[in-house]
Each structure stands twice: as structure tokens, then as C-alpha cells.
Amino acid sequence: MKSTGMVRKTDKLGRIVIPIEIRKKLKIKPYDELELFSEGENIILKKFEESCTFCGSTTNLIRQKDKLICEKCIKESYKKIQK
Ligand SMILES: [Zn+2]
């Protein structure tokens, strides 16, 4: 993990502003969704990308009720039903 050298204070609700330089570099636009991860003492922010419930793939997604499933997982599931 590379330090940006930037330090920001949280406000009383725990919010921080992501510096414009970082938002521009990562093409983060207003209202984009960010996913938060924690790793030991660290918090990692990542641009949120919808992905397959089963394998995490982000391509060829089909929405089934409130879940996303990729075409490959659907085909694999279908093969199991056929047996
Ligand atoms: Zn999948």
C-alpha cells in the first residue's frame, strides 16, 4: 500500500472528504458507490462494482430476484440440475 502523504480529519459524524486529486485519478464521480474493506488497522476504499453472487465475476451478469449471477455460474448450475 502506497502512502499519498495526505491526511484528513473526520467530522463529528465520521465523514471524510476524499481529496480531489485521488477522485480524479480513480475517476470517482459524485454519487458513485464505494465499497469499504478492513484489513487489520487499515480501511480500504474501492469503487463498487456489481458482481456475481457465486464467483465474483463482473461480466455477463443477469439479475435474478435481488441477486446477480453470471452466465457461467448459471450454466454450471443448469448442468448440475440436468444430472
Ligand atoms: Zn459467477
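User: Where is Lys 27 found, between which helix and which strand?

Analyst: Lys 27 sits in the loop between helix 1 (20–25) and strand 1 (34–39). Helices here are DSSP runs of H or I with at least four residues, strands are runs of E with at least two, and both are numbered from the N terminus. By the way, this is a predicted model, where local features need pLDDT of at least 70, side-chain atom pairs count only at pLDDT 80 or more, and totals for chains, interfaces and linings use all residues. Residues are numbered from 1 along each chain as its sequence is written.

User: Why is Lys 27 called exposed?

Analyst: Count the other C-beta atoms within 10 Å, with C-beta atoms placed from the backbone: 20 or more means buried, 12 or fewer means exposed, and in between is partly exposed. Lys 27 has 8, so Lys 27 is exposed.

User: What makes the phi of Lys 27 worth a look?

Analyst: Phi of Lys 27 is near 55°, a positive value, and the residue is not a glycine.

User: And what about Tyr 31, buried or exposed?

Analyst: Tyr 31 has 5 other C-beta atoms within 10 Å, so Tyr 31 is exposed. Tyr 31 also lies in the loop between helix 1 and strand 1, and has a positive phi of about 75° without being a glycine.

User: How do you know whether Gly 56 counts as buried or exposed?

Analyst: Gly 56 has 9 C-beta neighbours inside 10 Å, and therefore counts as exposed. You'll find Gly 56 in the loop between strand 2 (42–47) and strand 3 (61–64).
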